[in-house]
Each structure stands twice: as C-alpha cells, then as structure tokens.
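Please open the model in your viewer and keep the selection tool at hand. The tour goes from one selection to the next and says what is there.

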Amino acid sequence: MNERVSILMILLILFLLIICNLIISSVNREILLSGENTFSGGLIRPSFLITPARFSNDKKMILIYKQGAGKSNEDDFVFGIPQDAFADILSFIDYGEINYNEKNYPVFQLKIIEEAKQGIIEPVIIGEDEEQGIIDTKIIENIISQVWPDYNYKKALEILPGWFNIAKRPKIYYESLSVADKKMILIGDFAIEVTNALTNNDKFLFDTMATSIIDFVYLGEFNLNKRIRFFENYGDKKAVDYYKKWNVGELKGSFSPFVKYPNICKKYIKTCVWENKRPPEWVKELFLDQIGVNLKVSTDKQQ
C-alpha cells in the first residue's frame with residue numbers, strides 16, 4: 001500500500017512540475033512579446049526596384065517599380081517620391097546582414113533598373129504632367145552614403161543560395177500619430193495616413209517589401225518634443241538649429257534632421273526600441289493587418 005502511495009506521489013509531483021513549466025514558459029513568452037512584427041510570406045529578400053530621376057528645376061525623385069519590371073515607361077512605375085522622402089524611409093530601415101561563405105552581405109536590396117547601366121542612349125523618364133527627366137544614379141548614391149554609409153551595393157545584388165544564414169534580420173522602424181480624427185504612420189519623417197484606408201501607392205510601397213525575412217518594429221507614439229530633446233542632448237548647436245529650421249519649413253527640400261544626423265537617429269531608434277512599447281489596436285487594424293503583418297515574439301532588445 002505504501003509503495004503504491006509513493007508511486008502516486010511521484011507521478012503527482014511530475015505532473016505538477018510539467019504544469020509549472022508550462023505556466024512559466026507561458027509567462028516568459030508574454031513578457032518577451034515585443035512591438036516587433038514580421039511579414040508572412042516566402043523567404044525572399046526585401047528590396048526596392050527603383051530609378052533615381054532628375055527633372056526640371058533640379059527636382060530629384062525616386063521612382064519605385066513593380067517587382068519584375070525593367071523599363072522606364074510611365075505605365076511601369078506606380079509610386080514616385082522626392083529624394084528626401086525616400087531618404088527618410090531608408091534612415092529608419094536596418095538593412096540586416098547575411099553570412100555566407102565567410103562573407104557578409106546586406107539582406108535588403110536596392111536595385112536600379114538595367115537601363116540605368118546601358119549608357120548608350122540617355123534614357124528619358126516621363127513624370128507627372130508629362131514632365132521630362134533623366135536617370136541620375138548619383139541621387140541614390142548620395143542618399144545611401146548619408147543613411148547607409150557601410151552599405152555594399154554590389155554585394156547586396158549578388159545572387160545567393162536559398163540556405164544562406166541571416167545573422168541580423170532587417171527591420172523597419174515606425175511610429176504612430178493620432179490627432180483629432182486623423183491617424184498616421186510615420187517612418188522617420190515620411191507620413192502615411194491610414195484613417196480610412198491605405199492608398200494604392202502606399203500599399204504598393206509595402207508590397208515591395210512583403211517578405212517573412214523583415215521585421216516591423218514599433219517605436220511608440222510620435223512626440224515632437226522628444227525628438228527635439230534628442231537633438232539637444234546628443235547633438236551640437238548646429239544640429240539643434242538645423243532641426244528647428246527644418247521643423248518650421250525653412251529648409252524645404254533638404255534632408256530631414258534624422259537623415260542629416262544619422263548618429264542621433266540611431267540613438268533615438270535604440271532608445272525607443274529599449275522602451276519596448278506595444279502599438280495601439282488601431283495600428284494593427286488600420287496598418288499592420290492591411291499590409292499583411294503578423295505579431296512576432298522577440299527576445300532581442302539590443303538593436
């Protein structure tokens with residue numbers, strides 16, 4: 001009888017240990033649930049297929065093409081933004097790192113259409129209002145040197161086998177802004193209104209990055225005073241003056257402060273990530289769900 005009781009006690013203890021372990025694991029997962037999000041989809045490297053174009057009055061635009069397109073025809077590109085806005089987006093993207101054959105490669109790819117490399121006949125771009133422009137690769141080279149100074153463009157374009165190791169996942173950092181009846185998503189200083197629905201152009205911008213390799217990381221609610229304090233705490237007088245002038249529109253067309261001062265941008269992102277805030281429900285409903293992003297558990301806060 002005593003032997004039978006002892007066996008039952010052992011079984012009961014083992015059962016309780018299993019239950020406790022499940023509870024602890026569940027609690028840990030809840031604690032580690034961060035504001036990060038990731039696309040569902042295939043293991044395809046995120047990329048932009050682009051044409052940097054210069055128009056009259058020195059207007060510089062980045063034309064973003066459908067994946068697979070390769071001609072500079074008006075019907076091919078469906079989204080065009082000024083160079084400073086494109087730089088805003090890139091400044092809040094960590095392009096990640098691949099380890100393959102003892103070498104490092106960027107995960108995120110910037111691809112310029114082939115016509116930019118031909119050089120036989122100067123290609124002509126037709127923009128809004130039948131405005132004529134030309135391809136100018138120096139535009140994107142200038143942006144990359146500013147926001148991604150260590151980015152190796154040639155390495156990023158190399159074709160790698162499907163079993164490469166991702167040492168560092170690429171990330172897109174974003175903030176939310178709710179004012180009166182308007183709701184916005186900000187990537188750097190690039191604002192996207194999502195109050196009613198994403199426009200086709202805005203949705204297309206994220207469709208080009210729809211891959212399970214990239215993460216969306218929430219930085220919190222946009223706060224102008226917080227940004228100014230960062231420039232006051234981590235920048236010199238010149239940086240603070242630049243921010244204040246840019247903020248009131250005195251430097252229209254110039255790079256935003258976070259693009260102009262990338263070290264302050266990195267500090268700002270790192271601090272916001274450390275705070276590990278969860279996005280409000282409307283962000284999930286009006287933005288993340290619309291572009292196909294799923295919540296993701298992450299233990300890494302050392303961005």
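Begin with helices α2 and α4, where α2 passes α4 in a right-handed crossing, a term used if the near helix is turned clockwise from the far one by less than a right angle, with anticlockwise counting as left-handed. Before going on, note that this is a predicted model, in which local features need pLDDT of at least 70 and side-chain atom pairs count only at pLDDT 80 or more, while totals for chains, interfaces and linings use all residues. Residues are numbered from 1 along each chain as its sequence is written, and side-chain values use heavy atoms, with hydrogens and water left out.

Select residues 83–91 for α2 and residues 137–147 for α4: their axes come within 10 Å and cross at roughly 35 degrees. Such axes are lines fitted to C-alpha atoms, for helices over the stretch in contact, and the angles run from 0 to 180 degrees between N-to-C directions. Helices here are DSSP runs of H or I with at least four residues, and strands are runs of E with at least two, numbered from the N terminus.

Now show the side chains of Gln83, Phe86, Ala87, Leu90 and Ser91 in α2, which meet Ile139, Ile140, Ile143 and Val147 in α4; contact means heavy atoms within 4.5 Å. The residues of this contact divide into seven nonpolar, two polar and no charged, where Ala, Val, Leu, Ile, Met, Phe, Trp, Tyr, Cys and Pro count as nonpolar, Asp, Glu, Lys and Arg as charged, and the others, Gly among them, as polar.

**Aromatic rings**

The structure holds 20 aromatic pairs, meaning rings of Phe, Tyr and Trp (its six-membered ring) with centres within 6.5 Å, called stacked if the planes are under 30 degrees apart, edge-to-face if over 60 and tilted for the rest. Select tyrosine 174 and phenylalanine 216, whose ring centres are 6.0 Å apart and whose planes stand at 50 degrees, so the pair is tilted. Tyrosine 174 lies in strand β12 and phenylalanine 216 in strand β15, so the pair ties together parts that are 42 residues apart in sequence. Phenylalanine 216 is buried, with a relative accessible area of 0% (buried means under 20%, exposed over 50%, partly exposed in between, with a 1.4 Å probe and protein chains only).

Go next to phenylalanine 258 and tyrosine 268, with ring centres 5.0 Å apart and planes at 35 degrees, so this pair is also tilted. Phenylalanine 258 belongs to helix α9 and tyrosine 268 to helix α10. Both residues are among the members of one aromatic cluster, which also includes Phe92, Phe230 and Tyr261.
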